Amino acid sequence: MKRVRTNPSALTRRSVVGGALAAIAATGVTQGTAEAGSASAGEPGKPWEPVPVPAQAPVSEYQVPVSGGGSLWCWDTGGDGEAVVLLHPGSGSGESWPYQQPVLTAAGFRVVGYSRRGAYGSVAGAKADADTASGDLDTLADVLSLGRFHLSGSAAGGPVAIDYALSYGDRLRSLTVSGSVMGVQDAEYAELTAALQPDPFGDMPVDFKELGPSYRGGDRDGVAAWLEIHERARTSDAFAQSLANTITWSALETLTLPVQLVTGDADLYSPPSVMRLNAGHLRDVETHVVREAGHNPHWEQPAAWNRLLIGFLRRHRGGRP
């Protein structure tokens, strides 16, 4: 499929201080601060210790044209640091990162987030002429002149990230996959994940499925803010995009770049045991469990998740030797 190549100077561009993420931060929503590996997010009598959303760094916003008449809404902090691209969950969009954008920027990275086709701010275009999601990402990387970059995919962003690594691994410095079933198609794995989601799992409220019980019980304002992003995440023209590769355990074994897998201890989709199962098929991998978090540890436990991501990125500055 031919992809659209566009010079950044021709893009629809808007420089803003924080953009859509700044609007989220302005609500004063709070989050818990449990460490990865800590026993509790709060002290006795304090079930959850909230902290405010950090002030957002300045960003430029773009509409990046992609094949089939589509476009991807993205934001970019710019700068001379190595780029890290954040791939959102299926329940979210490019708005899903107010706890990461300023922290990663302060750590010296150029941070890019975007909405895939059919998610908030983006235009899906014609399905018959659409590229794969990983192909769209490659177009975006070209348009923004990212060079070699770090890639982090959460939940449904995980299979897209892995698909990109399988197709364009030489463009990546590192890969992080968080709270994701990773799109693995082996029959044994499909049976396992199906057993973890028996009927009527699919009909349960999205916050029940994707946010851990400690967080839902401890920060109702944070849950409400997450739901607001979720409710506007999908556009009326949305459709499912195919992958360029069939993701199997054998395919994972071909990856040579450094990979980090992260999950929450209360993730109903990819609990720690499933994460470790997938890790066994990767050559260069480290794994981490964030306590008191479900399927969205980047949102539920941002301080712990950010430390894991920044530490991994710093260990792999410049990419593979």
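Trainee: Where is Gly280 found, and why is Gly280 called exposed?

Mentor: Gly280 sits in the loop between α10 (272–279) and β11 (285–290). Exposed means over 50% relative accessible area, and Gly280 has 61%, so the word applies. Keep in mind that this is a predicted model. The C-alpha atom of Gly280 is separated by 8.9 Å from that of Glu253, and the two residues are 27 apart along the chain.

Trainee: What makes Ser145 exposed, and what is noted about the phi of Ser145?

Mentor: Ser145 has 54% relative accessibility, and the cut-off is over 50%, so Ser145 counts as exposed. Its place is the loop between α3 and β8 (149–154). Phi of Ser145 is near 50°, which is positive in a residue other than glycine.

Trainee: Is Met182 buried or exposed?

Mentor: Buried means under 20%; Met182 has a relative accessible area of 3%, so Met182 is buried. Met182 is in the loop between β9 and α5, and has a positive phi of about 75° although it is not a glycine.

Trainee: What is the peptide bond from Asp199 to Pro200?

Mentor: That bond is cis, with omega near 10°. Pro200 belongs to the loop between α5 (187–195) and α6 (206–210).

Trainee: What makes the contact of Arg232 and Glu95 a salt bridge?

Mentor: The rule asks for a side-chain nitrogen of Lys or Arg within 4 Å of a carboxyl oxygen of Asp or Glu. For Arg232 and Glu95 the N to O distance is 2.6 Å, so the pair qualifies. By this rule the count comes to 7 salt bridges.

Trainee: Why is this pair said to tie together parts of the chain?

Mentor: Arg232 lies in the loop between α8 (220–231) and α9 (249–252), and Glu95 in the loop between β6 (83–87) and α2 (101–106), so the pair ties together parts that are 137 residues apart in sequence.

Trainee: How do you know which class of accessibility applies to Arg232 and to Glu95?

Mentor: The values decide. Arg232 has a relative accessible area of 33%, which falls between the 20% and 50% cut-offs, so Arg232 is partly exposed. Glu95 has 3%, which is under 20%, so Glu95 counts as buried.

Trainee: Why are Asp138, Asp142 and Arg171 called one network?

Mentor: Take the two pairs in turn. The side chains of Arg171 and Asp138 meet at 2.8 Å, N to O. Arg171 lies in the loop between α4 and β9 (172–178) and Asp138 in helix α3 (residues 133–143), so this pair ties together parts 33 residues apart in sequence. Asp142 and Arg171 meet at 2.6 Å, N to O. Asp142 is in helix α3, 29 residues from Arg171. Both distances are within 4 Å, so both pairs are salt bridges. Arg171 takes part in each, and salt bridges that share partners join these residues into one network.

Trainee: Which of Asp142 and Arg171 is buried?

Mentor: Arg171 is, because 17% is under the 20% limit. Asp142 has 31%, so it is partly exposed. Asp138 is buried too.

Trainee: Which residues touch the most other members of the largest nonpolar core?

Mentor: That core has 42 residues, and Leu140, Leu146, Phe149, Leu151, Leu175 and Leu252 touch the most other members. Helix α4 (residues 157–168) gives the most to this core, with 6 residues. Not counting residues up to four places away in sequence, Leu252 touches several residues, among them Ile162, Met182 and Val184. A second, separate core has 19 residues, including Val290 and Leu308.

Trainee: How many of the residues of the protein chain count as buried?

Mentor: Of the 321 residues, 57% count as buried. The secondary structure comes to 12 helices and 11 strands.

Notes. Residues are numbered from 1 along each chain as its sequence is written. This is a predicted model: local features need pLDDT of at least 70, side-chain atom pairs count only at pLDDT 80 or more; totals for chains, interfaces and linings use all residues. Side-chain values use heavy atoms; hydrogens and water are left out. A nonpolar core is a set of buried Ala, Val, Leu, Ile, Met, Phe, Trp, Tyr and Cys residues joined through side-chain atoms within 4.5 Å. Buried means under 20% relative accessible area, exposed over 50%, partly exposed in between (1.4 Å probe, protein chains only). Helices (H or I, at least four residues) and strands (E, at least two) are DSSP runs, numbered from the N terminus. Contact means heavy atoms within 4.5 Å.
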